[in-house]
Amino acid sequence: MSGRVIVITSGKGGVGKTTTSANIGTALAKAGNKVVLIDTDIGLRNLDLLLGLENRIVYTIVDVVEERCKLKQALVKDKKNPNLSLLAAAQTRDKSAVTEEQLKDICETLKKDNDFILVDCPAGIEQGFQNAIAGASEAIVVTTPEMSAIRDADRIIGLLAAREEIVTYKLLLNRVRPNLIATNDMMSVEDVVELLACELIGIIPEDTGIISSTNKGDPIVNDDKSLAGQAYRNVAKRIMGEEVEFLNLEEDKNILGKIKDFFEKKIKEIKAKI
Amino acid sequence: MSFFTDFYNKVFSFFKPQENPESNVKDVARSRLKLVLMQDRTNLTPKILEQMRGELIDLLSKYVELDKDLLELNFEQEGDQVALMLSIPVIRAKDEKEIEEALKKDALIKGIQLAEDEEDIEEIEESAETNNNDNENSSEETIDNSANTELCNETEESVETENNSESSADNDTSNEEHENNNEKEENQEQNTSSN
């Protein structure tokens, strides 16, 4: 078996890299793939919290590279989802505790008996970022429809494009708020895609359910009713090669809007006939 | 048909809340980002872009008479490639004689520039300070001139007394040529005499 190594990165912090990693990882595992999540945010680890595994971590990635344990010992298996395991970051060290070569080696080893290795990248473009992308051949760039997040994503895309090892990189637009887009207060999905000139892999709506799912340590993909969960499940399907349409996030219109839509459609039909 | 659609639009625009174009935050964000991303990608600052625009005007106006105020220099994105788009409103093409004249002038100016450069080297040896001032002045003028044709007329007068006529002469060629021909010759005479 030769698994795919996908890095999840963004440039800017707080746009949802870790949430995305946890959810896509869980969704891929639920679909029957063997998945390892690697947290490379050494010193600021959080992926364990989002997965609800914080109490079960014995060894970290630093213990692996400093040979205090074997790689297999450091992988924490998710009890609810045995296909999913986590290689946690150390909380007491910094990004220099691991080198690019070491991460590359870990990815190579994990590739042998897993379908997907998802690398959760730290914010920034320094050593932590360089480490995280070292072993990856694919990338998902997470951004939100905000100025600074888009600008940073553009920098990241530039860096990824210059790297031969990264074969594909796609855009995941997170925290989309359809009500703000409808009032022209937020850039639309099309605007962001046009600005960044990057293929989309997912559109995730802003969802307050994310907060409670983080608090519970249970990724939102496990909630069948959540729209964000549905969007993340669709991303996982697209990663697996399925063609899934993007969710329609447009706000339900009021009666007048619906009537207008109806007439506009009719007028278009009439015009087409003429 | 058109009566029907007009009526329909009127009715709905009556019910629709009035949209203020200035409050369209989305478009503001998009255009701001567009510019900033182009600058990030190309490493070209607005100052350098303005300089590039000025130099292009100087070059092109040797061959055609163009509307400098309407000349647009933009970066446009097509896929993952960035293209430099130059839109030049041409008033009229110059005839052979004019082009020849412009080229001659250009050669003359370059000759003066060379002579000046040589002198500069001598001047550096004599006094570095005065030379520095000259350079600063000339760089400022080129930017002013390319940005605004009115400005260049003003600076021109002040330049006449100074040693560096190269920038003003440059702009004259691109500006109202016939009127400025005489002035320029005077300029050059002054220059050579002062040199």
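**Exercise 1.** Determine what share of the contacts in chain B with a separation of 6 or more comes from residues 24 or more positions apart.

*Solution.* Contact means heavy atoms within 4.5 Å. Among the contacts of chain B with a separation of 6 or more, 60% join residues 24 or more positions apart. The model is predicted: local features need pLDDT of at least 70, side-chain atom pairs count only at pLDDT 80 or more, and totals for chains, interfaces and linings use all residues. Residues are numbered from 1 along each chain as its sequence is written, chains are lettered from A, and side-chain values use heavy atoms, without hydrogens and water.

**Exercise 2.** State how many helices and strands chain B has, and in what order the elements run.

*Solution.* Helices (H or I, at least four residues) and strands (E, at least two) are DSSP runs, numbered from the N terminus. Chain B holds eight helices and four strands. Their order from the N terminus is α-α-α-β-β-β-β-α-α-α-α-α.

**Exercise 3.** Locate A:S226 and decide whether A:S226 is buried or exposed.

*Solution.* First, A:S226 lies in the loop between α10 (209-216) and α11 (227-239) of chain A. Next, buried means under 20% relative accessible area, exposed over 50%, partly exposed in between (1.4 Å probe, protein chains only). A:S226 is buried because its relative accessibility is 8%. Finally, neighbours within four places in sequence aside, A:S226 is in contact with A:D207, A:I220 and A:R233.

**Exercise 4.** Find what share of the residues of chain B is buried.

*Solution.* Chain B has 195 residues, and 30% of them count as buried.
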